[in-house]
Structure formats: structure tokens, C-alpha cells
Amino acid sequence: MGTTANDLDAMTGTPDAATLARRYRDVRARTEALCDGLSSEDCVVQSMPDASPAKWHLGHTTWFFETFVLAAAVSDHVAFDPSFAVLFNSYYNAVGEQHPRPRRGMLTRPPLDRVRDYRRRTDDLVLGLLEGERLAEPDRAIVELGLHHEQQHQELLLMDLKHLFWCNPLAPAYRETGPAGGRATRLEWVRFDAGVHRIGHGGDGFSFDNERPRHRAFVEAFELASRVVTCGEWLEFLEDGGYERPELWLADGWAVAREAAWRAPAYWRRSDDGWTVFTLGGPREVHPDEPVCHVSHYEADAFARWAGARLPTEFEWETAAAELPVRGNLAADGALHPLVPRPGDGLRQMFGDVWEWTASAYLPYPGYRPAAGALGEYNGKFMANQIVLRGGSFATPSGHLRPTYRNFYYPRQRWMFSGVRLARDV
């Protein structure tokens, strides 16, 4: 596709073929395991335009390897099904046409079994190339990118399934979730002095191109909350009229909140007995000490203003997280829900539980250059009108996460696992 090893240097450290083969098996198996227990009907329905059916995720992540690895590295490669080039292309205009995203739920054909056959055949071919050491370094770099791409879709799959099951009047559970319990520690403020900091990925190992190049940024002195905002604190905001006070809201946020009739975070519902929240384990009472989840940037910003604080910039967040181990409630723990943090000193929950909204627009770093060819569409063309989130969630694979990782969504969106950490000026 016209991508060179130098182009992909910003994305990966290019592991050897044997390491990639092991990781390929693990990642692909994890995606299949996430679909265990789902019916064929569960896998085909699309609950809203932002979401995708599970079957489409299974097909698209496979399309990536067929399109960018097999078709590029094997001169006589024969496509599994030529129609899949359109059905499972997401947004790569340089590759060809795409089936419209809002109509992915109309794809009752191909059947789920054929998509799984597609995965098996593609896996056999890719693993054959890796185990036979027949992939050059640029192609191995694309395999590595494809594995991290699939890990992103593993989290998207859970986001989309949760929204789908929430729309079902039977309120079905996906799987058992972590226990609701514990007490949140008192929120404290951790101070960071002003200074010039190195921002972005500059070491060995994988990173996406939007994390580079590493550059300097001056950060004024600031304080960061020791933990994320809890459901109990959000209830105080709600009961103080937070959703009814326009002075707390950005103008665009106020308009969206009015139009969508927001009165609480997504998946919350009020009854005579109090507030309940829909989880991947089904509905349950809102636990006041758990991290609040499924709030938009507009809601996060309004809450911060109500609390007499603000959202951190992504540079402040990365400065605070730079030396911390990537440890927390992540996908491997299997909780499938944000958990009350364990007691401790300093910053907690910087990784896992909920993605943390920042105040920073999703923009290129100084000197940013996307990869050549179709893979240059992976990140760069989305650098407009979106906001950066940091830190990962309970659904993020641990090996996929770094202090420099930049997630991004539109400020109105809230079906992702998003929460809030406060900051304030010194």
C-alpha cells in the first residue's frame, strides 16, 4: 500500500516474527472469547449509528490483516470474498468504497459462520507468513499495528454490546460484573510544579503515530485530584440542579443537553427506589463510591465548573502519569465495570476504570507526519472537533496502554467508558 518501514517507525518497534505470531494468536483469541455466549441475533443488530454489530467487528479486524498484510505481501493472494473489501472497510478512502456506517446492522448476510470462516482462513495465512519468517520488517510493522487496532475494537465491542443490551426491554446481562462495594477515599490534591516537560512517545516499543513526535511543552504549576469523580459526587451535582443551570455549561453543551434531554449520565435511570445504572451485568443500584462513567465532555466540563475546578490538559495529565506503572482495573482483571479504588497515597486510578476527559483538543503534535498511503488515514484525518481522553478503562487491554496513549471522541459522545478527574490551578 505504499508504506515503508520509516513511515511506520512512529507506530511500532517491529517485534520479531516469533513474538508477533504468539501475540497474534493471543489477541485474535481474545476477540473470539469476548463473543462467547452471544447469539447470532446479538451479533448482527446495530443499536445506533455510532455503534457497530459484533459480526462487523469480527469481519473488520480481519479485513485489516487481509488488506494491509496479505494483499501487500503475497503477490498471488486471492481474496476470501471480494465483497468483503467493501462490507468491512471502515473509513479507508484510499482503499476503496465502504458500506455506510449507519447501515452496518442491515448486513444479515454474510452469515456469522462465514465471517468466522474468514477469520480462520486469514489467521492461517498470516500465521503461515510469520512462522515461515516470510514477512519483511515493514509488513511485520503492519501486523503489529493491526494487533493494536484489534485491541481497540475489543473495547469498542464491549461498548457497543452494552448499548445494544441497554436498548433491549429485557435488560439482558452480557456477563457477571465486579462487585459493587467499598468506600471511596477522600479526594486530595497532588501538586506539580511548573516546568518544561517531554510529551509524547520517545522510547522503544509500540506507539500510534498520534503519540509522536516527542516534544517539549511548558506546563504551569497545577494540582490534580488523587482519584476520579464518584457517582455520589455526581449525584450531588445532579441534585444541585447541575443539568438545569446554563451558567455551568459550554454553549454547545447546553444545546446538546437540552436536545437530548440529559438529566443524568448515560445508562442511569430514576425510579421510586432511587437511581439504577445499567451495566454489562445488567441493571443495579448506583453505588455512590464507584467512579462515574458514561459522561460526555460537555457534562464533565460542567461538573468541573460546578466543583470549582476544571479538567486537566492532556499535557498536565501526561506529566502526572509519566513515571507511574500502567496498573489498574483493566480488561485482564475481568471486572467489566469501574471499581472503587483501593486506599493509598498519591494518584490513584490513573490507568483503568474510566477514560478521563481532558480539556485538550485532539490536534497533531509539532512535527507530526502521518504514514504514507492508506494507513495515513488511521489517525491524522480525525484531528478536528474532537477531545482527548487519557488513561484507559476497565475494558482496555493492559498491553495496549501507555502514559502517552491518546484516545479521542466528540464532546457530545458518552457511550464509551468515560469519566472525570479534576484539576485546578495553583
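Glutamate 233 pairs with arginine 227 in a salt bridge, their closest N and O atoms lying 2.8 Å apart; the term stands for a side-chain nitrogen of Lys or Arg within 4 Å of a carboxyl oxygen of Asp or Glu. The model is a predicted one, in which local features need pLDDT of at least 70 and side-chain atom pairs count only at pLDDT 80 or more, while totals for chains, interfaces and linings use all residues. Residues are numbered from 1 along each chain as its sequence is written, and side-chain values use heavy atoms, with hydrogens and water left out.

Both partners of this opening pair are buried, glutamate 233 with a relative accessible area of 18% and arginine 227 with 5%. Here buried means under 20% relative accessible area, exposed over 50%, and partly exposed in between (1.4 Å probe, protein chains only). In total, the structure holds 29 salt bridges.

Aspartate 301 is buried at 15% relative accessibility, whereas arginine 305 is partly exposed at 36%. Helices (H or I, at least four residues) and strands (E, at least two) are DSSP runs, numbered from the N terminus.

Helix α9 itself, residues 297–306, is mostly covered, with eight of its 10 residues buried. Among them are His297, Tyr298 and Phe303. The buried residues of α9 pack against α7 (231–239), α8 (251–260), β8 (355–361) and β9 (387–390), contact being taken as heavy atoms within 4.5 Å. Just after the helix, glycine 308 takes a positive phi of about 75 degrees.

Arginine 310 forms a salt bridge with aspartate 425 (2.9 Å, N to O). Aspartate 425 belongs to strand β12 (residues 423–425) and arginine 310 to the loop between α9 and α10 (314–321), so the pair ties together parts that are 115 residues apart in sequence. Aspartate 425 is exposed, at 56%, and arginine 310 is partly exposed, at 22%. Elsewhere, salt bridges that share partners join Arg28, Glu32, Arg116, Arg119, Asp123 and Glu150 into one network.

Finally, what of the cysteines? With a disulfide defined as a pair of cysteine sulfur atoms within 2.5 Å, the count comes to zero. The sulfur of cysteine 35 has its closest cysteine sulfur in cysteine 43, at 5.3 Å, which is too far for a bond. Cysteine 35 is buried, at 2%, and cysteine 43 is buried too, at 1%.
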